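Have a look at the fold first.

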Amino acid sequence: MCGIVGYIGHRDAAEFLIEGLRRLEYRGYDSAGIAVSDGARLQVRKTAGRVDDLRRLLEKHPVSGNVGIGHTRWATHGETTDVNAHPHVGGNGEVVLVHNGVIENYVTLREQLQQLGFVFRSDTDSEVIAHLVAQNLREELKFSEKLSDRQLCLRAVERTVEQLHGTYGLVVLFRDYPEMLIGARNGSPLVVGIGRNEHMIASDTGPLVGYTEEVVYLDDREIVLVTADDFELYHREEGRQTPSVQLLQQNVDDIELGDYPHYMLKEIFEQPTTLQNCMRGRLNEDEATAKFGGLNMEPIELRRIDRIVLTACGTSWHAGLVGEYLLEEFTRIPVEVEYASELRYRNPPLSETTMVFAITQSGETADTLAAMRECKRKGHPTLAICNVVGSTIAREADGGIYLHAGPEIGVASTKAFTSQVMALTLLSLYLGRMRHLSYGAGKRMIAAIKAIPGQVQETLECYEQIKDIARRYCEFENFLYLGRLYNFPVALEGALKLKEISYIHAEGYPAAEMKHGPIALIDESTPSVVIATRSGVYPKVVSNLEEVKARRGPVIAIANPGDQKVAAMADDVIFVPEVEEYLQPLVTVIPLQLLAYEIAVLRGCNVDRPRNLAKSVTVE
């Protein structure tokens, strides 16, 4: 969940590393550090706190050199302290490394190393790896006359990772061999950036944008050795590999704030564009259907599917719930939505005609990846709905759908959610037209889908009104979010957004379930956000709203224009365009995103990097 960056070349390494760590801040972290070699010595600077704190430390105690590694840590083993921050030094200073992941057998390894005389200074599992590399380097030095420097260091890392149980993405820098960096991956992403007389390594492509247009994504059990001039890729069992070089299709503008105060707000307002990008080239009006280039399944295979499992975590799981309604309505295929963290350890009865879809923004979520691998191991078609080209899930899935939403930097997902819902809508149209959905129904769906970006743009005009509403409600400490059918997952997503970035307790419920327990919470100090747009259950939702008002609960309602009934009952009402019921989540979620954002700003919270959270959860 932390961020890793490494550099070797002609630039000032510290400057590159600090900029790279700044671009990785969105992943979530609580400390930061770098190690730089000037060719003769390793210089380590690290601190608990933010990258800006590290920058100030470097102003007082500068480092110099053209090779180095950097890290932002999200604590798993050990508290947030300077000494637990990365990089970690191994042996007597001959090795320094950064690590992302969890080493499950670190206690046993630590005891063995302590018996050999190694002294531990931190509480982390990562320091074990540093000492282990140092120990294995000493062992390999016994045969140094037979080995080149590259072989020596490579074998020390190979021997080390063979002893590790767990997940890791790590980069190692050697004091006495500063002409190289070695990276290794198993379960935690690493990508190599290829430059002219320079190479880079990072947890994701963010730090590489603007420095290179070519990248290589490491697979599990791969090790890479990089110098300023070249790199070598190895697989632990299969030996030397021919790298698959891919184009990095991002530019600096994609990852910069522009005129917005926060990435979250920028990404909320990007949604008309990202929805358009998600549907671009995927609507076939002549045949009244959608089309996909990456499912990698023939129509005859897709027609045999009689069950779909959607698996995801967090916001992606909420998108999956919307997808369940969509797919069952338009394809008549039974759908289940599984938390990936549960599915990976369960053994549900899945037939050979069950298709599994992993839904993920990053393509690196550890639980989703493990659940997908487990289903794939059992022979089920496993596809992905993913935003990041080159991510592990995107590469390992049998096929899938890219969102084309661009980098999502804010920890609280916004544009990825709506893009996932759009992708699931298009998938429902595609599979529905293969089965029972008529040509006319398909044409009507396409017309409604094409209108959505403009309707989302119209919805965003409520922002000024939401600022006023947020000022009235930002001091409350408990919220209920209520919705029915397609808007029930939106209620869950709205509550999650408020929890994530403002630290206010919030719960989402199907509106009808309120009287089965949650209504006990209703009083003057517990606002309810009620999604009361026109639908087949509109009268029922209005009845639920009346029940809240009867108990003096404040109500913020999301309704359609001209709905005077809801406007008369609610304390505040936000109007959103009237759209087809199955498309309502794409407009009703917008005011909930904005409300959470504005309340968090008023409460002085760190909107883009909320406490304790990480953007890409790459550990269990």
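How many bridges join strand S20 to strand S21, and do they run parallel or antiparallel? Strand S20 (residues 354-360) and strand S21 (residues 382-386) are joined by 5 bridges and run parallel.

## Ground rules

This is a predicted model, where local features need pLDDT of at least 70, side-chain atom pairs count only at pLDDT 80 or more, and totals for chains, interfaces and linings use all residues. Residues are numbered from 1 along each chain as its sequence is written, and side-chain values use heavy atoms, with hydrogens and water left out.

Helices (H or I, at least four residues) and strands (E, at least two) are DSSP runs numbered from the N terminus. Two strands pair if DSSP finds at least two bridges between them.

## The parallel sheet

S20 and S21 belong to an open sheet of 5 strands, ordered S19-S18-S20-S21-S22, with parallel pairing. At the edges sit strand S19 (335-339) and strand S22 (399-402), each pairing on one side only. On average, neighbouring strands here are turned by 20° against each other, direction ignored.

H9 touches S18, S19 and S20, and its direction makes about 170° with that of S19. Helix H11 (residues 366-377) touches S18, S20 and S21, at about 165° to the direction of S20. Contact means heavy atoms within 4.5 Å; axes are lines fitted to C-alpha atoms, for helices over the stretch in contact, and angles run from 0 to 180 degrees between N-to-C directions.

Is arginine 307 buried or exposed? It sits in strand S18 (residues 307-312) and counts as buried, at 17% relative accessibility. Buried means under 20% relative accessible area, exposed over 50%, and partly exposed in between (1.4 Å probe, protein chains only). A polar atom of the arginine 307 side chain lies 2.6 Å from the backbone oxygen of proline 349. Not counting residues up to four places away in sequence, arginine 307 touches residues including Ile333, Glu336, Leu350 and Met355.

Arginine 304, in helix H8 (residues 299-304), is exposed at 51% relative accessible area. Its C-alpha atom is 9.8 Å from that of methionine 355, 51 residues apart along the chain.

## Ring pairs

Rings of Phe, Tyr and Trp (its six-membered ring) pair if their centres lie within 6.5 Å; planes under 30 degrees apart count as stacked, over 60 as edge-to-face and the rest as tilted. By this rule there are 11 aromatic pairs. Phenylalanine 174 and tyrosine 177 have ring centres 6.5 Å apart and planes at 75°, so they are edge-to-face; both residues are buried.

Tyrosine 325 and tyrosine 486 make a tilted pair, 5.5 Å centre to centre with 50° between the planes. Tyrosine 325 lies in helix H9 (residues 314-331) and tyrosine 486 in the loop between strand S23 (478-483) and helix H16 (488-502), so the pair ties together parts 161 residues apart in sequence. Tyrosine 325 is partly exposed at 27%, whereas tyrosine 486 is buried at 5%. Elsewhere, ring pairs link Tyr7, Phe16 and Tyr211 into a cluster.

## Around S10

Strand S10 (residues 199-202) is covered on both faces, with His199 and Ile201 buried on one side and Met200 and Ala202 on the other. It runs antiparallel to strand S1 (residues 3-8), joined by 4 bridges, and strand S9 (residues 191-194) also pairs with S10 in the antiparallel sense over 4 bridges. Alanine 202 stands opposite valine 5 and is the bridge partner of valine 191.

Note on methods. Polar contact = N/O pair within 3.5 Å; in protein donor to acceptor, adjacent residues only side chain to side chain.
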